[in-house]
Each structure stands twice: as structure tokens, then as C-alpha cells.
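User: Could you walk me through how the helices and the aromatic rings pack here?

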Amino acid sequence: MNNNYKLYGLTGPTGSGKTTVTDILKNHRFEIVNADEIAHKALLDTELISALKIAFGEGIINPDGSINRRETAKIAFSSKENTEILNSLTHPVILRLAAEEFERLSREGSKRIVFDAPTLFESGSDKLCCKIISVIAPENLRIRRIMKRDNISEAEAIKRISAQKSEEFFRENSDYVIENDGDMKALKAKTENIIKELINE
């Protein structure tokens, strides 16, 4: 990691609306590194595939030998213990690939990079960030968003929520908290107020 850029962490519980916030940040010339996209690349790592197969069984492997993300998520988010196992196996690979991406963007001249990572704290990558922004939202809204986004049942959406850290945790451990209650105009204004502060630092 070099000192030629500032790295900001963007996180929050699933379904809170981080994607909308990243779109606003992009419009203000912040580069976004998305942990979920990095995770897709990580799941091509043969050692990680083997470790996940041992942890969660043959049922998560597609006929071509790749990871079935939906089946893996179903098992991994069924309990906090399984979520912790998934994180312990995937985070080191994701962090290595993310660090490579930060450095690439820095070499290309990027000065402000945002790491959009739902498991920012669990992975330890919060320690790499100069500021942390969390996006939170009412649970009923989050459940609806997750069901629509991932095409899953309400029960599965609730399981995913319960496997994550609480809203209070994000409030207590973030430099900025954006409350996304569904009002797009308010969300944009809240995000842009934070952007002004970051740019003027």
C-alpha cells in the first residue's frame, strides 16, 4: 500500500442501498473497488475452491468444477458459524486481489478510492481505510430489497440479515453513517455532504 491515494471504506448491512451511494461517489470522481466483484474473481482460485468444498460439501460445486454461488450462500448464511467459516476462507484471497486493484488504480492516477465491502470489518480491511462510511436502512426495507435483488424468500433474506453485524455496530464503528430510508433525494444530499467533507480534508 502506498501513500499516493486515500482509501475509504464503504459498508453496511445487506440491502441497505450501498450501490446507490457508490453511483453518487462515482459521479464525484471517486474510484470504486467492489468487494463482491473481487469475490467473483476469488472464487476462480483453485485452492479456495478446494477449501470451500471441504467446508461446505460437494453440493456447492457445479458440474464444470466451479463454485455454485447460490448454493454456497444458502449454506454459508444459514448460521453465524457458517458465515464465519466462509469469511475466514475467502477474505485473505479477496484482500490480496483488492490490494492489487488499489495499487493499479493508484498507478493510473487515482487519488480517492472507495472499497465497497459488506464485510469490511470482518475482513480487517477497515484498518486500511482512512475513513469509514456505513449505509443503514430500516430492516423491512432491507428484506424487500434482498428478496428482489437475489430472488430469494423472505425467510432466506432474514437469515442473511441475522448472520451480519447489527445496525448499532455500524453506527459505533463508522466515521459517517448514511440513513437510507427510501428517499432518494435525501440520500443524495446526505452522500454529497460527506463527499464535500472528504474532498476538503
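Analyst: Happy to! Contact here means heavy atoms within 4.5 Å, while helices (H or I, at least four residues) and strands (E, at least two) are DSSP runs, numbered from the N terminus. This is a predicted model, where local features need pLDDT of at least 70, side-chain atom pairs count only at pLDDT 80 or more, and totals for chains, interfaces and linings use all residues. Residues are numbered from 1 along each chain as its sequence is written, and side-chain values use heavy atoms, with hydrogens and water left out.

User: Which residues in α5 meet T72, I75 and A76 in α4?
Analyst: Helix α4 covers residues 69-76, and its axis comes within 8 Å of that of α5. From α4, the residues involved are T72, I75 and A76, and their partners in α5 are N82, T83 and L86.

User: At roughly what angle do the axes of α3 and α5 cross?
Analyst: Axes are lines fitted to C-alpha atoms, for helices over the stretch in contact, and angles run from 0 to 180 degrees between N-to-C directions. Helix α3 (residues 46-56) and helix α5 (residues 80-107) have axes that come within 10 Å, crossing at roughly 170 degrees. Therefore α3 is roughly antiparallel to α5 (under 35 degrees is roughly parallel, over 145 roughly antiparallel, 65 to 115 roughly perpendicular, the rest oblique). The angle asked for is roughly 170 degrees.

User: Which residues of α3 make the contact with α5?
Analyst: On the α5 side, the contact uses N82, I85, L86, L89, T90 and V93. The α3 side consists of L48, A51, L52, A55 and F56.

User: What is the centre-to-centre distance of the aromatic pair F102 and F115?
Analyst: Rings of Phe, Tyr and Trp (its six-membered ring) pair if their centres lie within 6.5 Å; planes under 30 degrees apart are stacked, over 60 edge-to-face and the rest tilted. A search of the whole structure gives five aromatic pairs. F102 and F115 form an edge-to-face one, with 80 degrees between the planes and a centre-to-centre distance of 5.2 Å.

User: Is F102 buried or exposed?
Analyst: Buried means under 20% relative accessible area, exposed over 50%, and partly exposed in between (1.4 Å probe, protein chains only). F102 has 1% relative accessibility, so F102 counts as buried.

User: How many degrees lie between the planes of F169 and F170?
Analyst: Ring pairs link F121, F169 and F170 into a cluster. F169 and F170 are edge-to-face, 5.9 Å centre to centre, and the angle between the planes is 85 degrees.
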